[in-house]
Amino acid sequence: MENNLAGIMDPKLEKCEVAYVAVKKVAEVAFHCSAPTKLDRPNMNEVAECLWSIRKEYQAQANQQHGVL
């Protein structure tokens, strides 16, 4: 999967390191959500918190990269 992150990314998403990291983290969450047993899968609150954290981190890093305060 890591070798083809660009292939699964939304074409509208900027191709930069910050975006690659965010997509990789979202893919990891999706992987955990597809675990074979319920006990191995995160609950929806955990998933939501994780996705909000990824979003917040992505926005902060993207803004920093583009010089936005």
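Which residues in helix 2 meet which residues in helix 3? Before we answer, a word on the model: it is predicted, so local features need pLDDT of at least 70 and side-chain atom pairs count only at pLDDT 80 or more, while totals for chains, interfaces and linings use all residues. Residues are numbered from 1 along each chain as its sequence is written, and side-chain values use heavy atoms, leaving out hydrogens and water.

On the helix 2 side we find V18, A19, A22, K25, V26, V29 and C33, and they meet V47, C50, L51, I54, E57, Y58, Q61, A62 and Q65 in helix 3; contact here means heavy atoms within 4.5 Å. Sorted by class, these residues are 12 nonpolar, two polar and two charged (Ala, Val, Leu, Ile, Met, Phe, Trp, Tyr, Cys and Pro count as nonpolar, Asp, Glu, Lys and Arg as charged, and the others, Gly among them, as polar).

Now look at the geometry. Helix 2 (residues 17-33) packs against helix 3 (residues 44-65) at an angle of about 175°, and their axes lie 9 Å apart. That makes the two helices roughly antiparallel, a label for angles over 145 degrees. Axes are lines fitted to C-alpha atoms over the stretch in contact, with angles from 0 to 180 degrees between N-to-C directions. Helices are DSSP runs (H or I) of at least four residues, numbered from the N terminus.

Finally, confidence. The mean pLDDT (the predictor's confidence in each residue, from 0 to 100) of the protein chain is 87, and 90% of its residues reach 70 or more.

Methods
Angles under 35 degrees count as roughly parallel, over 145 as roughly antiparallel, 65 to 115 as roughly perpendicular and the rest as oblique.
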